Amino acid sequence: MESLLLPVVDEDGAPFWEYAARGELRVQACAAPDCGRLRFPPRPCCPHCRSFESEWWAMSGRGRIWSYVVPHPPLLPAYAAQAPYNAVVVELADAPHIRLVGNVVSGPEAPLNSVDPGRLRIGASVKAVFAPVGPELTVVRWQLER
């Protein structure tokens, strides 16, 4: 997996990746008493009230496919062996204004091409699964719900 693109962990997003490593999907929220709005991607300041206070709220890990693509041909050589694979945008059930990008797979450690692209549909229900992609990084992927 070293040749695949991996996220860059920065100071603001580090808690997201720490929770993912524990199998938890959490989203940053403003901790100001009169705000409490969720935000993603994580950032140091609330875009609504400008507070620098934040906390991480647990999400259910459920969502729906908001959009998807099956790249033809694979855009990067490292992905050619895994074609056909998908890239999805998932809208969280707990926070519909928050969308995460990932892949739909048949299980946490399954390859990116483990789901037939013909099974993907806009609006399909998915749940988060957590895939270790290195000794210190776990990414969120998605599994179709039945």
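Colleague: Strands first. How many bridges join β4 to β5?

Modeller: Six, and the two strands run antiparallel. Keep in mind that this is a predicted model.

Colleague: Which residue stands opposite Ile-65?

Modeller: Val-90, in β5.

Colleague: And β5 with β6, in what sense do they pair?

Modeller: Antiparallel again, over four bridges. Strand β6 covers residues 99-102. Val-88 stands opposite Gly-102 in β6.

Colleague: How many residues sit between β5 and β6 in the hairpin?

Modeller: Six.

Colleague: Switching to charges. How many salt bridges does a search of the whole structure find?

Modeller: Four. One of them pairs Arg-64 with Glu-91, with the closest N and O atoms 2.7 Å apart.

Colleague: Where do Arg-64 and Glu-91 sit in the chain?

Modeller: Arg-64 is in β4, residues 62-69. Glu-91 is in β5, residues 87-92. They are 27 residues apart, so the pair links distant parts of the chain.

Colleague: Is Glu-91 buried or exposed?

Modeller: Buried, with a relative accessible area of 11%. The cut-off for buried is under 20%, so Glu-91 falls inside it. Arg-64 has 31% relative accessibility and therefore counts as partly exposed.

Colleague: What else does Glu-91 form a salt bridge with?

Modeller: Arg-99. The closest N and O atoms there are 3.4 Å apart. Arg-99 counts as partly exposed because its relative accessibility is 35%.

Colleague: Which residues are linked in that network?

Modeller: Arg-64, Glu-91 and Arg-99, through salt bridges. Glu-91 bridges to Arg-64 and to Arg-99.

Colleague: What does Arg-26 form a salt bridge with?

Modeller: Glu-24, at 2.7 Å between the closest N and O atoms. Glu-24 has 25% relative accessibility, so it counts as partly exposed.

Colleague: On to the backbone. Which residues does a cis peptide bond join?

Modeller: His-72 and Pro-73, with omega about -15°. Another cis bond joins Ala-83 and Pro-84, with omega about -5°.

Colleague: Where are the prolines, Pro-73 and Pro-84?

Modeller: Pro-73 is in the loop between β4 and β5. Pro-84 is in the loop between β4 and β5 too.

Colleague: Why flag those bonds at all?

Modeller: Because most peptide bonds are trans.

Colleague: What about phi? Which residue other than glycine has a positive value?

Modeller: Arg-50, with phi near 70°. Its place is the loop between β2 (38-39) and β3 (54-58). Most residues other than glycine have a negative phi.

Colleague: Is Arg-50 buried or exposed?

Modeller: Exposed, with a relative accessible area of 67%. The cut-off for exposed is over 50%, so Arg-50 clears it.

Colleague: Last topic, α1. How many of its residues are buried?

Modeller: Six of its eight, so helix α1 (residues 14-21) is mostly covered.

Colleague: Which ones are buried?

Modeller: Ala-14, Pro-15, Phe-16, Trp-17, Tyr-19 and Ala-20.

Colleague: And what covers the buried residues of α1?

Modeller: Several strands, including β1 (26-30), β3 and β6. Also among them are β7 (125-134) and β8 (137-144).

Notes: Residues are numbered from 1 along each chain as its sequence is written. This is a predicted model: local features need pLDDT of at least 70, side-chain atom pairs count only at pLDDT 80 or more; totals for chains, interfaces and linings use all residues. Side-chain values use heavy atoms; hydrogens and water are left out. A salt bridge is a side-chain nitrogen of Lys or Arg within 4 Å of a carboxyl oxygen of Asp or Glu. Buried means under 20% relative accessible area, exposed over 50%, partly exposed in between (1.4 Å probe, protein chains only). Two strands pair if DSSP finds at least two bridges between them. Contact means heavy atoms within 4.5 Å.
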